[in-house]
Amino acid sequence: PVSEGPSVALTTMPSFDGNGNDTVPEADPGAAASGQPPEQPSVADDSASASVPTPVDSVQSPSDQTDEIALWLGHANAALQRDRLLFPESDSAVSYYRRILEHDAQHSEAIAGMERIVERYLALARSAFDRREFERADRLIDRALRVSPNHAGSLALRRQVADTRAEQQAEAERQRQADAARLAAEAAARAEAARLAAATEAAREAELARQRSSLDDLLWWQN
């Protein structure tokens, strides 16, 4: 009879991934005793047990918004003092006041600041208008209307500039016509004077010729 040697249990050799980690799941002793294959881990269980990241709340707190508005207000007032009203667009008084009003449409200081910008443009426009620099006045009024499109003072000054410019152009046309008429009259007078001078010279020459003829006749009779 052949004697059986001691039974040797076969063991599974572990396999490793690229990082040296064991990729074979640990064997279930109960499953080994029952002859059932070891239970594989459930992918659904792994995904269910995975923690869901909590989104970070990006909304500013009221205190942060207050600090930011105060910062913008300081920049706006400084730009206004330096006449940086609309330009540069990213660092102008208007740009900072508008940022404030986007957060608080009733912010009294920002509203007052925008009004001061309009009044500053109108003051510059009136000064240009008084010097009869109509194109510069129009440009400044256009900027005031960019800040406040329906501003009554800006619209009134625009009409005044347009009316005065039209009146000045009409006066210039009247002056041009008067100058043309004067020049024409002067030219006609010069032409008449030249004609009279020519006629006088012709008469003088005729008289001299007559006198010479009379003298010749007298000398002939004497001889």
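**Notes on the core and the salt bridges**

1. Let me start with Val147. Setting aside residues within four places of it in sequence, Val147 is in contact with Leu86, Val94, Arg98, Met114, Ile117, Val118 and Tyr121. Bear in mind while looking at these contacts that this is a predicted model.

2. Val147 also turns up in the largest nonpolar core, which has 31 residues. Together with Tyr97, Ile100, Ile117, Tyr121 and Val161, Val147 is in the group that touches the most other members.

3. The biggest contributor is α5, with nine residues. As general background, nonpolar side chains in soluble globular proteins tend to be buried together.

4. On to the charged pairs. Searching the whole structure turns up 13 salt bridges. One of the salt bridges joins Asp91 to Arg84, and their closest N and O atoms are 2.4 Å apart. Is this pair buried or exposed, or something in between? Asp91 counts as partly exposed because its relative accessibility is 25%, and Arg84 is partly exposed too, at 21%. The cut-off for buried is under 20%, so neither residue counts as buried.

5. Helix α7 holds another pair worth a look, Glu201 and Arg204, which sit three residues apart, about one turn of the helix. They form a salt bridge whose closest N and O atoms are 2.7 Å apart. Glu201 has a relative accessible area of 36%, so it is partly exposed; Arg204, at 42% relative accessibility, counts as partly exposed as well.

6. Arg182 and Asp179 are arranged likewise: both are in α7, three residues apart, about one turn of the helix. Here the closest N and O atoms of the salt bridge are 3.9 Å apart, and the cut-off for a salt bridge is 4 Å. Arg182 is partly exposed at 40% relative accessibility, and Asp179 is partly exposed at 27%.

7. What else is linked with Asp179 and Arg182? Glu186 is: Asp179, Arg182 and Glu186 are linked in a network of salt bridges. When you go through the 13 salt bridges, view the Arg182 and Asp179 pair together with Glu186.

Conventions:
Residues numbered from 1 in each chain as written. Predicted model: local features only at pLDDT ≥ 70, side-chain atom pairs only at ≥ 80, totals over all residues. Heavy atoms only, no water. Core = buried A, V, L, I, M, F, W, Y, C linked by side-chain atoms within 4.5 Å. Buried < 20%, exposed > 50% of the residue type's maximum accessible area, 1.4 Å probe, protein only. Helix = DSSP H or I, 4+ residues; strand = E, 2+ residues; numbered from the N terminus. Contact = heavy atoms within 4.5 Å. Salt bridge = Lys/Arg side-chain N within 4 Å of Asp/Glu carboxyl O.
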